[in-house]
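Dear colleague,

I am passing on the structure that we talked about, and below it you will find what was found in it. Please keep it open while you read.

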Amino acid sequence: MLRIFVLLSLFFAALFADLKVVNENELTQMQNKNVVVIDIRTLGEWKEYGIIENAKPITFFDEKGNYDITKWLSEFSKYVKDKNQAFVIYCAHANRTKMLGNFLNKQVGYTNVYELEGGGSAGIRMTKEEETALSEIINVLNKKFGRSLL
């Protein structure tokens, strides 16, 4: 019964509330001010796409769509210690973010909830090592095919 209530609360919170939206540049500025960034994607998404630098990976829904709100809030409260503390939350495309972020705002009472515009796919940056490796691969392929592939 509690599970149904939480799901309905998440759904209706997403319908009737607005989160503050930040773009990638604003995210960087917030990180420079030590604002906590929470990645709620699944373990599989973290492995496949990486995590925004310094983000705290705290999955909300597992690969089967299950969740444990008490466990999640316990982990979340290690990083966001006050209901007035600003934090950024994101998932892959912002759908789960809207549901959870609005729930945190409207049902739990957090006042400074931000979402990353477009979700994590917009904000994940490659490390210098990854950029170098990608450039080297592109150079090898360009030489192999005798033309620029990009």
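Glutamate 115 has a relative accessibility of 4% and therefore counts as buried, where buried means under 20% relative accessible area, exposed over 50% and partly exposed in between, with a 1.4 Å probe and protein chains only. Its partner is lysine 98, with which glutamate 115 forms a salt bridge whose closest N and O atoms are 2.9 Å apart; a salt bridge here is a side-chain nitrogen of Lys or Arg within 4 Å of a carboxyl oxygen of Asp or Glu. Lysine 98 is partly exposed, at 35%. Because lysine 98 lies in helix α5 and glutamate 115 in strand β5 (residues 113-116), the pair ties together parts that are 17 residues apart in sequence; helices (H or I, at least four residues) and strands (E, at least two) are DSSP runs, numbered from the N terminus.

Please note that this is a predicted model, in which local features need pLDDT of at least 70 and side-chain atom pairs count only at pLDDT 80 or more, while totals for chains, interfaces and linings use all residues. Residues are numbered from 1 along each chain as its sequence is written, and side-chain values use heavy atoms, with hydrogens and water left out.

The count of salt bridges comes to four. Another of them joins arginine 96 to glutamate 45, with the closest N and O atoms 2.8 Å apart. Arginine 96 belongs to helix α5 (residues 95-108) and glutamate 45 to helix α3 (residues 43-49), so this pair ties together parts that are 51 residues apart in sequence. Glutamate 45 is buried, at 14% relative accessibility.

Turning to the rings, the whole structure holds eight aromatic pairs, meaning rings of Phe, Tyr and Trp (its six-membered ring) whose centres lie within 6.5 Å, with planes under 30 degrees apart counted as stacked, over 60 as edge-to-face and the rest as tilted. One of these is the edge-to-face pair of phenylalanine 60 and tryptophan 72, at 5.6 Å centre to centre and 80 degrees between the planes. Phenylalanine 60 is in the loop between β3 (56-57) and α4 (69-76), whereas tryptophan 72 is in helix α4, 12 residues apart.
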